[in-house]
Amino acid sequence: MKRLLSGIKPTGELTLGNYIGAISQFVKMQSNYETFVFVADLHALTIYNDPHLLKERIRNIIAMYLACGLDPKYTTLFIQSENVYHNNLAWVLECNSYMGELSRMTQFKDKSKDKNETAISCGLFTYPALMAADILIYDADVVPVGIDQKQHVELARNLATRFNNKYGDTFKIPEPIIPQEGAKIYDLMNPNKKMSKSDETGKGCIMLLEDPKSAKKKIMSAVTDSDLKVYYDKENKPGVSNLLVIYSSLKGISIEEATEKFKDSNYGEFKKCVAFVVEEFLENLQKKYREVLDSGMVDKILDESNEKVRKLAEEKVRQVYEKIGVGR
Ligand code: AMP
Ligand code: TRP
């Protein structure tokens, strides 16, 4: 069975975009792969995080993964920092990556532009080497990520190929999987911009843990257009198209089916239906989430999977160290 691996950084509250674009995709794929999903907590350190808040978020993401339907029967859930071997491999990969290629990473360029050099952490620069280690250490075949992370998976492929050429076959070459356009969720107030957790106070973003009534209100005030007909047209009707994507994703139907359902509805009726579905989804999800947190299963699951991921990673690092000649 092929191996799938992905992770999310605990840098903010999870959004409906994270659910539809990432977590629900992992849930759909988990039974077809040997699945590894983790919380990339070391990746959060490129910026300052309040330590208590960070710890809380890490646990909450694991609980949210479970509440969303990731099932330990199929999926190994873990926390990146709890497996120290990631750092070991990251250093080796850093020594096999070049300033030039890391400088070309779009995320690095975006996040460092307009900043004084004293405000850019070296971790922001070497971030993709750690991400490559996360992937290569488990011989992942496929890595589902958002389009913004595709370049980092491509770097992981390059680093793996380079290492294999230099030292002999060691790493699998991973494939990025990008969810289809229908899985990208846009800001409700500005439907040309991705719905993002960095926009926490905004009205355009729905958090998975926010009051379902407030989420309902946000959908009711989502920006649409003056055409008044409900159909999918991302270019000319981005707001309506976004609501159709949200509705169809949460209902588990196609965009065509959703469009058919609303072809005779006005915007008010349409929005009411979407708002109801979002409200109901959040209510159910939050109920499950609280059950997961109260059950004590988070620690039990993490303890079990830690043993498994540590063994795999330790063996990979041993092979790598052997090939490069460090140690006795
Ligand atoms: P981020 O929250 O940006 O760290 O992303 C974590 C994962 O969630 C990545 O796989 C993203 O592609 C996905 N994701 C984040 N925001 C959205 C969105 N608005 N629509 C679809 N997927 C998203
Ligand atoms: N960098 C990813 C993000 O910001 C998170 C991440 C870290 C990741 N390591 C990974 C994703 C390995 C996939 C595979 O979203």
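1. Let's start with how α2 and α12 sit against each other: these two helices of the predicted model are roughly perpendicular, because their packing angle is about 90 degrees and angles of 65 to 115 degrees count as roughly perpendicular (under 35 is roughly parallel, over 145 roughly antiparallel, the rest oblique). Helix α2 covers residues 51-68 and α12 residues 297-324, with axes 10 Å apart. The axes are lines fitted to C-alpha atoms over the stretch in contact, and angles run from 0 to 180 degrees between N-to-C directions. Helices (H or I, at least four residues) and strands (E, at least two) are DSSP runs, numbered from the N terminus.

2. On the α2 side, the contact (heavy atoms within 4.5 Å) is made by Arg59, Ile62, Ala63 and Leu66. Helix α12 brings Met297, Val298, Asp299, Ile301 and Leu302. By class, seven of these residues are nonpolar, none polar and two charged; here Ala, Val, Leu, Ile, Met, Phe, Trp, Tyr, Cys and Pro count as nonpolar, Asp, Glu, Lys and Arg as charged, and the others, Gly among them, as polar.

3. Also in α2 you will find methionine 64, which is buried at a relative accessible area of 2%. Buried means under 20%, exposed over 50%, and partly exposed in between (1.4 Å probe, protein chains only). Beyond its neighbours within four places in sequence, methionine 64 touches Leu14, Leu208, Leu209, Leu285 and Tyr289.

4. Glutamate 34 is the bridge partner of arginine 3, while valine 39 stands opposite isoleucine 79.

5. A bookkeeping note: residues are numbered from 1 along each chain as written, and chains are lettered from A and ligands numbered from 1 in written order. Local features need pLDDT of at least 70 and side-chain atom pairs 80 or more, while totals for chains, interfaces and linings use all residues, and side-chain values use heavy atoms, leaving out hydrogens and water.

Notes. Two strands pair if DSSP finds at least two bridges between them.
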